[in-house]
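Subject: Structure handover, salt bridges

Hello,

Here is the structure for your files. My notes on the charged side chains follow below it.

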Amino acid sequence: MSAHCQVTGTRPGFGKSVSHSHRRTSRRWNPNIQRKTYFVPSLRRRVTLTVSTKGIKVIDRDGIDAVAARLIARGERI
């Protein structure tokens, strides 16, 4: 499963870790991705989404019907 949120589009961030001696090594900041299953009344079925925790809050705020409509309009398969 890739670290990509279907609702917000959040992807991993890349950068460098800098030690006390100022040596730099590559690192990656992964978003907190969860697999969540929602029942969408307009589609009359359950959909499984890979969402970040912020995406879960967006679904709670806007409703799963509105978010599912946005995903379908964007052409994303749900």
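With which residue does R74 form a salt bridge, and how far apart are the closest N and O atoms? The partner is E76, and the closest N and O atoms are 3.9 Å apart. A salt bridge here is a side-chain nitrogen of Lys or Arg within 4 Å of a carboxyl oxygen of Asp or Glu.

Two notes on the basis. The model is predicted, so local features need pLDDT of at least 70 and side-chain atom pairs count only at pLDDT 80 or more, while totals for chains, interfaces and linings use all residues. Residues are numbered from 1 along each chain as its sequence is written, and side-chain values use heavy atoms, with hydrogens and water left out.

By the salt-bridge rule, the count is three. Besides the R74 and E76 pair, D62 takes part in a salt bridge with R61 at 2.9 Å, N to O, and in one with R70 at 2.8 Å, N to O.

Regards
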